[in-house]
Amino acid sequence: MIQTSTADLEKLARDAAREIAGPEALEQVEVETVTDLDDRPAYHFTFLLNPERVKQHAGLVRIDLGLKLLDDLTARGDEHRPLIRILDRTDWEKRGSARLY
């Protein structure tokens, strides 16, 4: 199974966030290789977005980011599933090891 490098994943995530949420919305992104609850390989993408600069509702951004990243990973032959978490500044500073699936 292909696994994409962290630097490439962060670039994919930044590009997707700028396209989906807007060019000024993304502040930071983190990516971690994990397994989901069904023990399938996944990448956990955590985005810090500025809510004042996001083009659409956060729920739609999350769905669209997941679909975009899934398409991008599939095109690379990478079978990892993208898991998306969007945080605001307060939550970003409190983030820890808790995972949302």
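Phenylalanine 47 counts as buried, at 0% relative accessibility; buried here means under 20% relative accessible area, with exposed over 50% and partly exposed in between, using a 1.4 Å probe and protein chains only. Before going further, a word on what you're looking at: this is a predicted model, where local features need pLDDT of at least 70, side-chain atom pairs count only at pLDDT 80 or more, and totals for chains, interfaces and linings use all residues. Residues are numbered from 1 along each chain as its sequence is written, and side-chain values use heavy atoms, with hydrogens and water left out.

Back to the rings. Phenylalanine 45 is buried too, with a relative accessible area of 0%, and tyrosine 43 is likewise buried. Tyr43, Phe45 and Phe47 make up one aromatic cluster. The structure holds two aromatic pairs, where rings of Phe, Tyr and Trp (its six-membered ring) pair if their centres lie within 6.5 Å; planes under 30 degrees apart are called stacked, over 60 edge-to-face, and the rest tilted. Phenylalanine 45 and phenylalanine 47, by contrast, are stacked: 6.3 Å centre to centre, but 15 degrees between the planes.

Now for the sheet. Three strands form an open, mixed sheet in the order S1-S2-S3. Strands (E, at least two residues) and helices (H or I, at least four) are DSSP runs numbered from the N terminus, and two strands pair if DSSP finds at least two bridges between them. Strand S1 (26-35) and strand S3 (81-87) are the edges, each pairing on one side only. Neighbouring strands are turned by 20 degrees against each other on average, direction ignored; axes are lines fitted to C-alpha atoms, for helices over the stretch in contact, and angles run from 0 to 180 degrees between N-to-C directions.

S1 and strand S2 (residues 41-49) run antiparallel, joined by nine bridges. Threonine 35 has proline 41 in S2 as its bridge partner, and glutamate 32 sits opposite histidine 44 in S2. The hairpin of S1 and S2 has five residues between the strands, and in it aspartate 39 takes a positive phi near 65 degrees.

What about the helices? Helix H2 (residues 58-75) lies across S2 and S3, at about 150 degrees to S3. A contact, by the way, means heavy atoms within 4.5 Å.

Zooming out, the protein chain has three helices and three strands, running α-β-β-α-β-α from the N terminus on. Its radius of gyration is 13 Å, close to the 13 Å that the globule rule gives for 101 residues, so the chain is as compact as a globular protein of that length; the radius is taken over C-alpha atoms, and the rule is 2.2 Å times the number of residues to the power 0.38. The C-alpha trace spans about 40 × 30 × 25 Å along its principal axes. Of the 101 residues, 39% count as buried. Among contacts between residues at least 6 apart in sequence, 65% join residues at least 24 apart.
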